[in-house]
Amino acid sequence: MKEYAIDVPVEPPKELRSLFIPIPPEYVEDVYKSDDFLILVGPQHPGSGHMRLIVRVRGDIIQEVIPDPGYVHRSMEKLAENRLYIQNIPLVERPAIMDAANFNLGYIRAIEEALDIEVPERAKYIRTMLAELCRVGTHLYDAAILAVFLGHTTGFMWPFGLRELICEALVRVTGARFTSSFIIPGGVRRDVDESTLKWIYDMTLAMEKRLKSFERIFIKNPTVIARLKDVGVLSKEEAIKYGVVGPFLRASGVEYDVRKVEPYEVYDELAWDIPVSDEGDSYHRFLVRVNEIGQSLSIVRQCIKQMPEGRVISDQIAENGSDIRGAFYDSLSDIVLPAGEYTTLTEGARGTIIYSIISDGESNVPYRVRIVSPGWLYLRGFMESMKGERLADLQAIYGSFGYFPPEADR
Amino acid sequence: MFDVVQILNYLFEIFSSNMMDIPLIAPIVDFLMQIPLLNILVALILWKPFFAVVIMPGLGVLMLYLLYIVWYERKLTARVQWRVGPLEVARPIRGAIQTLADGIRYFFQEAIVHREAHRPYFVQLPLLAFIPVLLPILFIPAGSAVGIYTPYSIQLIVTFLALIPITIVAIGWAANSRFAYIGSVREAFIYFAYEVPFIIAVISMIFLYSSGDAYVAVEKQSMIPGALLNPIAFIVYIIAMLMATSRLPFDIPEADQEIAFGPFVEYSGILFGLVMVLAYEKLYIMTLLFTILFLGGWSGIYCPLLGDLNGPLWLFIKTVVVISILVIVRSIYARYRLDQALRIGWTSMLALSIMALIVGGVVGVWLS
């Protein structure tokens, strides 16, 4: 179709100058001279989360999306420099509170690597179980957000209802619904009793049953498939080039999972698969995570079945091997890491979490803590995948990535 | 003075010559008719054209229906979604007056008119939008009660229904906001997508009954309802109804997550209350027509105690039952994209409606 330019003087709207927008004025002028249109989605928009998306559209087609993140930046890396190592444990969980155990685990493993602490087997199983429970919770949360972005309110309420089971399991194990700070250097805070483990085992079976009805109403729903299929496609090469991580990389056909590549805790002793898909569109980004829920529930069951008896806190840390209460500050407040840099990779629910602790070897606070969260890593791929799609697809692609601004901003 | 009495007497003659005959309330009516001046009022209320337009199935029950359907939709959706729904306002009746409470709150809330809006139109249009909603009621017959009798009532109802999207587009224009603008454009697109198949489906039913007269349509459905006579038109009409009233999966002009309630994004207070119920009113009118065309209209089990009220009551009950079934789509479907909805409208729905036209012609010949 031939386009006809109309020579009408167009002035950029005033608010593009008065609001703080991280794009040069020349860019705005260029947009308006070339018959395009700038739409600011967010930060108060119901479908944007805590961020602003500067969308350049021609007609209904997105030409370019410039992200403006940082609305929930809490300067965690700087805060971490002024606190004791164990005081940082609650802090590093905060980027993604649903995914608390995975964020916690990465930080603790960096400390354990530095201090050469041997973690008891039972503690490893409990940690793996917690990490997988949090993964299921996060995937359910993201599925709910995707559903409400598509206008499917039942698909929003059901995963949130299901997530209550995960929260209840975490309450029974740790005493808190999500940010439990349960994992400490040398193990976990407390032992878990048999009845709780039995409850969690039954809960995973009950959840699988309810996920089937969720599959009927949302995952196999023709309107959902119509909205998500062939939308926001990232090919394998693009996904690698833009540094996409986690389930979104696996949805583009790259079989990479930190849990398989560099196994930590007890992942190498359990039987599980990496869900992979080749299409790389929004629907398969969602499906990969749905399949991961099934794998994670299976991992949780295996953990409970194979969990050995024994201590849950390393004997290097405390005398009492089943409960840290009363001895927590005595044994852990004065830890000093040897000088050097300690980096761990952890597979969080949304992708690879990188923790890097730099210690000067003499102070009881870290010299520098570097946190790279998956949201920040796949932001570029997320923006690139929206090019050439329609404006109405912006929310669908957003939901399919499960982008969580607090996690990316840290 | 003499003139006034004469005019009143003249009016009373007109009203009382064509009154609703309801045996159930006949003693009360007879008693009130003996009181001077009050008898004119009673005669006016029970005057058939007035009764049809203002009481039933017109304005009065429309308000009742609005109070009911908003609550019912929320309650049904909540039940599907493992929730409770509105409960706190009037706990003993499960929060049934929640809509009334919301209405009162809207009424006392400040209605903000933003600086960029075209102020006169922005404030007027929610009220003006009622005109095309209420005009079809004039021509919708319910048994012997009818506002204006015409043999072209079905065509007239469809014509006035087609005016409603124009007011919505005008609202979006007057709001002068980006999201309202996108919403108006989407509304215009969707309008073109459903209107053609909708009108063809109605024409197929007019072919079938060989008349645009609602009375003839209801009479010809005395044995078999229209839904069985022309099932294809039935399906097309339901889908067009969902599109026309912005129900999911065609909730495109008002998509909350994409364009934040579209044309109505800038409204607040009672003005928002007015535009919010616009789609529900349109749904009501379209379902009245749907009941007349496909479900046998006002025919039902005759109760001698109700007399003339039988017709309007059956029409209203059928309409509300149909709407109560329709609102469940909200908890089942996600939203289509605009281009997908347009594709559905211009390909499968158009093809189906043309098939319905053929079926309507064939069955119409067989019926006559």
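Trainee: Into which domains is chain B divided?

Mentor: In this predicted model, chain B is divided into domain 1 (2–46) and domain 2 (117–367). The centres of domain 1 of chain B and domain 2 of chain B are separated by 35 Å. Five residues from domain 1 of chain B and seven residues from domain 2 of chain B take part in the contact. On the side of domain 1 of chain B that touches domain 2 of chain B, four residues are nonpolar, none is polar and one is charged.

Trainee: Why is H8(B) called roughly antiparallel to H9(B)?

Mentor: Helix H8 (residues 130–139) of chain B and helix H9 (residues 153–161) of chain B pack at an angle of about 175 degrees, with their axes 8 Å apart. Angles over 145 degrees count as roughly antiparallel, and therefore H8(B) is roughly antiparallel to H9(B).

Trainee: Which residues of H8(B) and H9(B) meet?

Mentor: Pro132(B), Leu135(B), Pro136(B) and Phe139(B) of H8(B) meet residues of H9(B), including Leu156(B) and Phe160(B). The contact of H8(B) with H9(B) comprises eight nonpolar, one polar and no charged residues.

Trainee: What radius of gyration does chain A have, and with what value is it compared?

Mentor: Chain A has 23 Å, whereas a compact globule with 410 residues would have a radius of gyration near 22 Å; therefore chain A agrees with that value. The C-alpha trace of chain A spans about 80 × 50 × 35 Å along its principal axes.

Trainee: What share of the residues in chain A is buried?

Mentor: Of the 410 residues in chain A, 48% are buried. A residue counts as buried if 20 or more other C-beta atoms lie within 10 Å of its own.

How values were computed. Residues are numbered from 1 along each chain as its sequence is written. Chains are lettered from A and ligands numbered from 1 in the order in which they are written. This is a predicted model: local features need pLDDT of at least 70, side-chain atom pairs count only at pLDDT 80 or more; totals for chains, interfaces and linings use all residues. Domain bounds come from an automatic or database domain assignment. Two residues are in contact if their C-beta atoms, placed from the backbone, lie within 7 Å. Ala, Val, Leu, Ile, Met, Phe, Trp, Tyr, Cys and Pro count as nonpolar, Asp, Glu, Lys and Arg as charged, and the others, Gly among them, as polar. Axes are lines fitted to C-alpha atoms, for helices over the stretch in contact, and angles run from 0 to 180 degrees between N-to-C directions. Helices (H or I, at least four residues) and strands (E, at least two) are DSSP runs, numbered from the N terminus. Angles under 35 degrees count as roughly parallel, over 145 as roughly antiparallel, 65 to 115 as roughly perpendicular and the rest as oblique. The radius of gyration is taken over C-alpha atoms; the globule rule is 2.2 Å times the number of residues to the power 0.38. A residue is buried if 20 or more other C-beta atoms lie within 10 Å of its own, exposed if 12 or fewer, and partly exposed in between; C-beta atoms are placed from the backbone.
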